[in-house]
Amino acid sequence: MMEPASRKRRASSPPPSGPVTLPPPGFVADREEAAARVERLLRYQFNNRSLLEEALTHQSFAGGAAASYQRLEFVGDAALGLAFSTFLYLTNPTVGPGALSTLRAANISTEKLARVAVRHDLYPLLRRNCPRLDLLVGQFIQSVKQELEDDLGTTPYGGTVFKAPKVLADIVEAIAAAVYVDCNFDLEKLWKVTRFLFEPIVTAETIDEQPVSTLHELCQKHGKDIKFKTWQKGGTAVVNVFVGGALVGMGSSEQMVIAKLNATRDALSKLLGGGNQQVLTTGVGHGLGVEVGELRECKQKLIEQCSRKHWPKPIFK
């Protein structure tokens, strides 16, 4: 039986008008060292290390005798889903199936697993031959590293400017599958070996509810209407959130769904702890609405520019 669980910006100073070059994600060419790093991380010694090498091989590198992680990722996706289903079922005896499904999705979402890969520096262990992939992963890694350390494990729905590259989640699933197959499909063993990777596990007490639902509930409680204004600006999706007619949230991303989440989180932070709390009780900004809107529009333009130029996400203090 499974037991219950309980920014630093780079110091470089590029010319204002010049491009910012992101550091490459890196690559561990010594495959013995790559395998050893995973074994040290998991505190598990593989009986068949070829499974681990397969788990650390991207399809852009695979060819001839080299197999990619795709088959293992298929198994790992299902195995982790079952492992979390079992764990959540045992630790939440009074929670219904809908809430259990939400908890499972939060713990094994692409965004959550991608952050697991970033935290444990797994991407450099992957054999690959795809510069474009390195660029996308590098952007995401830099964006995530600018978040608070705790957010690496507790942001199940995304939230950075860049959408989490699926390859990062695939690596975690493939490594989990390598363990699962190596231990002769022992689900309990898989959980014991890999569980710590997903800490802190999102529980019924700690789950960050889907921000859009949370905002709707908050506005309903105070009798305020909520509207989302969305548009595309070049390759960037932009979303504004209006509560009671006042602009309270803005967000952008290359993906519309992430832009909406970013805007909603921004709105919640302002309504629950920022200067726009009065919107919930008065519906107006006490003269601050125009100034706040203009300031945030300027910030949004800077965020969009950084996204287009593939620059690090700006930090406002």
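How many helices and strands are there in the protein? There are 13 helices and 3 strands, taken as DSSP runs (H or I, at least four residues; E, at least two) and numbered from the N terminus. This is a predicted model, in which local features need pLDDT of at least 70, side-chain atom pairs need 80 or more, and totals for chains, interfaces and linings use all residues. Residues are numbered from 1 along each chain, and side-chain values use heavy atoms, without hydrogens and water.

Of the 317 residues, 48% are buried (under 20% relative accessible area, 1.4 Å probe, protein chains only).

**Cores**

A nonpolar core joins buried Ala, Val, Leu, Ile, Met, Phe, Trp, Tyr and Cys residues through side-chain atoms within 4.5 Å. The largest has 59 residues. Leu-42, Tyr-123, Val-167, Leu-168, Ile-175 and Phe-198 touch the most other members.

| Helix | Residues |
|---|---|
| Helix 1 | 31–42 |
| Helix 2 | 49–55 |
| Helix 3 | 70–91 |
| Helix 4 | 97–108 |
| Helix 8 | 166–182 |
| Helix 9 | 187–194 |

Helix 8 gives the most to this core, 12 residues. Apart from this core lies another, of 17 residues, including Ile-226 and Val-239.

**Helix 5 and helix 6**

The axes of helix 5 (residues 110–119) and helix 6 (residues 131–145) come within 11 Å and cross at roughly 85°; axes are lines fitted to C-alpha atoms over the stretch in contact, with angles from 0 to 180 degrees between N-to-C directions. Helix 5 is therefore roughly perpendicular to helix 6 (65 to 115 degrees). Ala-114, Arg-115 and Val-118 of helix 5 meet Phe-140, Ile-141 and Val-144 of helix 6, contact being heavy atoms within 4.5 Å.

Notes:
Angles under 35 degrees count as roughly parallel, over 145 as roughly antiparallel, 65 to 115 as roughly perpendicular and the rest as oblique. Buried means under 20% relative accessible area, exposed over 50%, partly exposed in between (1.4 Å probe, protein chains only).
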